[in-house]
Amino acid sequence: RQECSGDDDTQPDPVEEPEPRNIALGLLASAKETPVKGNLGFLTDDKNSTVATFKGSDWPWANDPPAWVSFELDKLQRLSEVVVRWRDSSSTSDKSYGKVYKILVSAMSDPGAPSVDNGYWTEVADITAGKGSLERFAVDGTQSVRHVAIWMIQDGAWNLDESFALAEVEIWDAPEKKKTQPTEVKVCGG
């Protein structure tokens with residue numbers, strides 16, 4: 001050991017912060033209707049090659065509720081981001097992605113079907129010009145939520161036969177920062 005004397009530099013030990021994680025992996029989803037292709041398990045299997053296709057509302061501007069998928073988290077969680085992966089639409093004729101859709105959250109244990117009108121769900125993203133493929137949405141990590149939903153209103157084709165092909169939904173938590181005081185270590189010259 002070396003003794004320190006005089007004006008020594010004091011440096012705090014680094015505090016490692018937890019990394020956000022995708023808490024949707026393996027979650028089972030619920031939906032307004034059974035997918036017309038694929039299954040709900042595809043949405044959280046961490047494989048972009050598996051797709052669940054949903055039929056949308058024929059009249060999304062009327063009182064016909066849009067298509068939706070919802071995920072119940074195992075407990076109240078703070079979120080940092082929601083990632084929506086639509087089927088690879090490298091083909092210009094494939095328009096089954098969400099052009100107009102919303103991301104809703106709820107802290108209630110049983111908020112019912114996702115809706116912007118029932119007071120149990122809060123809108124955290126309002127997408128009016130979705131482009132398909134991968135879309136990321138930051139979420140204010142101060143609110144704890146239990147449910148996350150994708151409310152699909154209009155696909156990229158804008159016709160009366162709405163179709164939405166979802167490959168994956170990622171829900172990233174916002175881990176709490178460690179509140180420990182770092183210990184100080186004296187650094188002495190050589």
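Trainee: Quick one to start: which residues line the largest cavity?

Mentor: Lys 32, Glu 33, Phe 54, Lys 55, Ala 67 and Trp 68 line the largest cavity. Bear in mind that this is a predicted model, where local features need pLDDT of at least 70, side-chain atom pairs count only at pLDDT 80 or more, and totals for chains, interfaces and linings use all residues. Residues are numbered from 1 along each chain as its sequence is written, and side-chain values use heavy atoms, with hydrogens and water left out.

Trainee: And what counts as a cavity here, as against a pocket?

Mentor: On a 1 Å grid over the protein atoms alone, a cavity is a set of points where a 1.4 Å probe fits but cannot get out, while a pocket is an open set with protein on both sides within 12 Å along at least five of seven lines; a lining residue has an atom within 4 Å of a point.

Trainee: What volume does the largest cavity have?

Mentor: About 30 Å³, where a volume is the space filled by probe spheres set on grid points joined across faces, edges and corners. The whole structure has one cavity of 30 Å³ or more.

Trainee: Which elements give two or more residues to its lining?

Mentor: Strand S3 (52-55) and strand S4 do; strands are DSSP runs (E, at least two residues), as helices are (H or I, at least four), numbered from the N terminus.

Trainee: OK, over to the largest pocket. What lines that one?

Mentor: Glu 19, Arg 21, Lys 75, Leu 76, Gln 77, Arg 78, Ser 144, Asp 173, Ala 174, Pro 175 and Glu 176. Strand S4 (residues 67-86) gives the most, with four residues, and the pocket holds about 160 Å³ of space.

Trainee: How does that lining divide by residue class?

Mentor: Into three nonpolar, two polar and six charged. Nonpolar covers Ala, Val, Leu, Ile, Met, Phe, Trp, Tyr, Cys and Pro, charged covers Asp, Glu, Lys and Arg, and the others, Gly among them, are polar.

Trainee: How many helices and strands does the chain have?

Mentor: Zero helices and 10 strands. Of the 190 residues, 39% count as buried, meaning under 20% relative accessible area, with exposed over 50% and partly exposed in between (1.4 Å probe, protein chains only).

Trainee: How many aromatic pairs are there?

Mentor: Three, taking rings of Phe, Tyr and Trp (its six-membered ring) with centres within 6.5 Å; planes under 30 degrees apart are stacked, over 60 edge-to-face and the rest tilted. Trp 86 and Tyr 101 are edge-to-face, 5.2 Å centre to centre with 80 degrees between the planes. That pair links strand S4 to strand S5 (residues 98-106), with the partners 15 residues apart.

Trainee: Is Tyr 101 buried or exposed?

Mentor: Buried, because its relative accessibility is 0%. Tyr 101 also pairs with Phe 137: the ring centres are 6.1 Å apart and the planes are at 85 degrees, so this pair is edge-to-face. Phe 137 sits in strand S7 (residues 134-138), 36 residues from Tyr 101, and is buried at 15% relative accessible area. Ring pairs join Trp 86, Tyr 101, Phe 137 and Phe 164 into a cluster.

Trainee: Last one: where is Ser 163?

Mentor: In strand S9 (residues 163-173). Ser 163 counts as partly exposed because its relative accessibility is 23%. Leaving out residues up to four places away in sequence, Ser 163 touches Thr 53, Phe 54, Gly 56, Lys 95, Ser 96, Tyr 97 and Asp 155, with contact meaning heavy atoms within 4.5 Å.
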